[in-house]
Amino acid sequence: MHIHRYERAWIYFSVGLVVVFFLAVFTAAFAGGIRLPGPQGEVNPADLSSTDFANPGVRELSPGSYEAYIVAQIWQWTPNEIRIPAGSQLSLYLTSRDVQHGFKVENTDINLMVVPGQISHATRVFNRPGEYLIVCHEFCGAQHQTMAGKIIVEAAPTPAP
Ligand code: CUA
């Protein structure tokens, strides 16, 4: 079968492009550590009292390791302020009491859907001190744009001279 050389060139180019795309995906997944967040578990959104979400807040697990349980409901995050020292690992667990919300932490790769009945989870190390704005990025009603919070990463205290 005769294939015109331009046709052949485009076939090679197309196959090459697919290979490049696959390599890009694998590089992102394995070298860049980029993962799709998956559901972490289920809860009854009407009764969070017997779950870890009964007392939302930040807990220190060990020095440098924290977990935060956050409940979303229109139009607030509880808690809406999380304070950790720089260099800490923060494990976030979220669920919603009512409708679907979106949890995005500015200048990080944390971007989760917060769905009633499901637990969303993300873990990240915060090395750079500063304030990281949390916004709801899923339209959840009239005051959606006011649904915000922050993660405050405090600089390690300078050792006494
Ligand atoms: Cu919650 Cu928008």
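Start with the sheet: select β5, β11, β10, β7 and β8, and you have an open sheet of five strands in the order β5-β11-β10-β7-β8, with mixed pairing. Strands here are DSSP runs of E, at least two residues, numbered from the N terminus, and two of them pair if DSSP finds at least two bridges between them. The edges are β5 and β8, each pairing on one side only. Look along the sheet and you'll see a twist that averages 20 degrees from one strand to the next, taking axes as lines fitted to C-alpha atoms and angles from 0 to 180 degrees between N-to-C directions.

Before going on, keep in mind that this is a predicted model, where local features need pLDDT of at least 70 and side-chain atom pairs count only at pLDDT 80 or more, while totals for chains, interfaces and linings use all residues. Residues are numbered from 1 along each chain as its sequence is written, and side-chain values use heavy atoms, with hydrogens and water left out.

β5 runs parallel to β11, joined by five bridges; pick E81 and you'll find its bridge partner, K150, in β11.

Now hop over to β7. Four of its five residues are buried, meaning under 20% relative accessible area (1.4 Å probe, protein chains only). On one side, β7 pairs with β10, antiparallel, over three bridges; click V105 and its partner in β10 is I134. β7 also pairs with β8, again antiparallel, through four bridges, and there K104 stands opposite N111.

Time to show side chains. The largest nonpolar core has 24 residues; such a core is a set of buried Ala, Val, Leu, Ile, Met, Phe, Trp, Tyr and Cys residues joined through side-chain atoms within 4.5 Å. Select W77, L90, L92, F103 and I151: these touch the most other members. Elements giving two or more residues include β6 (88-96), β9 (118-126) and β11 (148-154), but β3 gives the most, with four.

What does L92 touch? Leaving out residues up to four places away in sequence, L92 contacts A68, I70, I82, F103, I110, S120, H121 and A122, where contact means heavy atoms within 4.5 Å.

Last stop: select V43, L48, F53 and Y93. They are among the seven residues of a second, separate core.

Notes: Buried means under 20% relative accessible area, exposed over 50%, partly exposed in between (1.4 Å probe, protein chains only).
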